Amino acid sequence: MKRAVMPCNGLDKAYGVLARELALRLMETEGMHLICPVLLNNSPVRYDKDLADASLLVVDGCPTRCASKLAQKLGIAVAGKMLVSEQAKTAGVDVGESLRPGPVGMQLVDAMQAELAAQAQAGVDGQPAVDFDPPTRFLTVTYDKFVFKIPAEGYLFNENDCWVRVVGNRARVGVSDFAQQSMTDITYFEPTRIGAVVEQFDEVGSLESGKSMMDVLSPVSGRVTAVNTELVDSPELINEDPYGRGWIAEMELRDFESDKALLLDAASYSRTIEGKAAQAQH
Amino acid sequence: MAEDTFMGVPRNKINWAPTIDYSKCDFCMECDKFCPHDVFERRDSDPKLVVANPHNCVVFCRACAKTCGPDAISFPSKSETIAAIKKMREQEGEQ
């Protein structure tokens with residue numbers, strides 16, 4: 001598949017400069033098509049050929065995320081994202097403030113390229129291992145013209161509108177029907193890293209819609225063993241089937257007994273939704 | 001108005017809200033534009049942005065920090081907050 005990369009190209013920030021360096025590197029070593037955000041913004045048609053049927057990687061320097069926002073504004077599908085400031089934080093490096101990349105910055109570019117390669121490999125390795133029948137019986141909460149469904153058994157929830165379904169020492173997590181309806185049409189899914197070790201309520205992915213952004217906060221602690229890569233191309237599955245095909249990640253459990261203390265069953269979560277729906281209205 | 005409780009614990013007893021580092025904040029207001037819970041409030045005088053309603057903040061949500069270009073927003077330790085919530089729930093159960 002054709003691949004393209006768009007950096008934010010932030011000229012006046014050290015992280016922005018490194019976003020550009022990473023994009024140049026990916027163009028030179030992996031043959032990605034380079035997209036200039038300024039020209040794209042001014043004249044999108046100039047990149048019609050490069051972006052048609054291409055898998056687009058967006059590289060933002062800082063959390064202002066100018067490149068991501070531009071892609072969203074223009075309705076361009078994004079297959080992957082990288083945030084330089086976050087990578088620097090994870091790696092524990094200080095790239096300084098110079099607008100010309102130094103050795104530390106270039107090492108970070110190497111590390112980010114390696115991380116992208118690892119993510120691509122993980123996408124192949126991290127096959128889902130949890131198998132269960134989709135829910136058939138639901139509790140419902142009706143508020144105004146909205147109806148929110150909650151699987152009556154087999155699922156537990158946190159108050160942050162995420163669910164977990166446990167099979168042995170494995171679990172699958174996702175977001176609730178209430179969460180997906182509150183988000184409206186989900187347009188982007190960012191998976192977490194396979195192999196990541198997370199605490200309860202740590203992020204295991206994030207979602208974006210035209211209306212808002214949501215961190216998926218894991219109901220359980222453990223190690224991420226698979227992510228739903230189907231959502232990268234089809235985030236709408238979360239809207240269509242939040243408890244089934246729209247699952248977010250699979251985990252190997254670490255301390256489920258302890259995690260359960262901060263989880264709700266279907267009846268308790270229904271009451272939580274009733275409260276939230278009423279407050280959202282006012 | 002935010003929820004009054006989180007897992008049965010009164011929200012105002014849970015230490016979870018953003019802190020703004022004013023030495024970094026450039027008052028772009030992206031966090032305030034993002035947050036649907038009115039946690040932040042803009043002021044005419046300095047500082048032009050404050051955490052006015054910390055108890056409106058959704059417990060464990062850190063999404064506003066992701067919108068912050070200069071990385072000026074921080075949150076309390078999540079594991080400490082979890083431990084504190086569990087402890088308050090246990091105490092509640094004993095009463």
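This briefing describes the domains, selected strands and helices, and the chain contacts of the structure above. The model is predicted, and its scores are ipTM 0.87 and pTM 0.75. Chain A is assigned two domains, with domain 1 covering residues 3–125 and domain 2 covering residues 138–281, while 19 residues of chain A are in contact with 21 residues of chain B.

**Domains of chain A**

- The centres of domain 1 of chain A and domain 2 of chain A, taken over C-alpha atoms, are separated by 29 Å.

- Chain A has an open sheet of 4 strands, in which the pairing is parallel and the strands follow the order β2-β1-β3-β4.
- The edges of this sheet are formed by β2 (33–34) and β4 (80–83) of chain A, each of which pairs on one side only.
- Strand β1 of chain A, made of residues 3–7, is joined to β2(A) in the parallel sense over 2 bridges, and within this part of the sheet V5(A) stands opposite L34(A) of β2(A).
- Helix α1 of chain A, residues 14–30, lies across β1, β2 and β3 (55–60) of chain A, and the helix runs at about 160° to β1(A).
- Helix α4 of chain A, residues 66–73, lies across β1, β3 and β4 of chain A, and the angle at which this helix runs to β3(A) is about 140°.

- Strand β5 (residues 138–143) and strand β6 (residues 146–151) of chain A pair in the antiparallel sense, with 6 bridges between them.

**Where chain A touches chain B**

- The contact between the chains involves 19 residues of chain A and 21 residues of chain B.
- On the side of chain A that touches chain B, the elements giving two or more residues are β13 (213–217) and α11 (266–281) of chain A.
- Sorted by class, this side of chain A has 7 nonpolar, 8 polar and 4 charged residues.

**Confidence in chain B**

- Chain B has a mean pLDDT of 92, with 95% of its residues reaching 70 or more.
- Among the elements of chain B, the lowest mean pLDDT, 89, belongs to helix α3 (residues 78–94) of chain B, whereas the highest, 98, belongs to strand β3 (residues 19–20) of chain B.

Technical notes
Residues numbered from 1 in each chain as written. Chains lettered and ligands numbered in written order. Predicted model: local features only at pLDDT ≥ 70, side-chain atom pairs only at ≥ 80, totals over all residues. Domains from an automatic or database assignment. Pairing = 2+ DSSP bridges. Contact = placed C-beta atoms within 7 Å. Axes fitted to C-alpha atoms, helices over the stretch in contact; angles between N-to-C directions. pLDDT = per-residue confidence, 0-100. Nonpolar A, V, L, I, M, F, W, Y, C, P; charged D, E, K, R; others polar.
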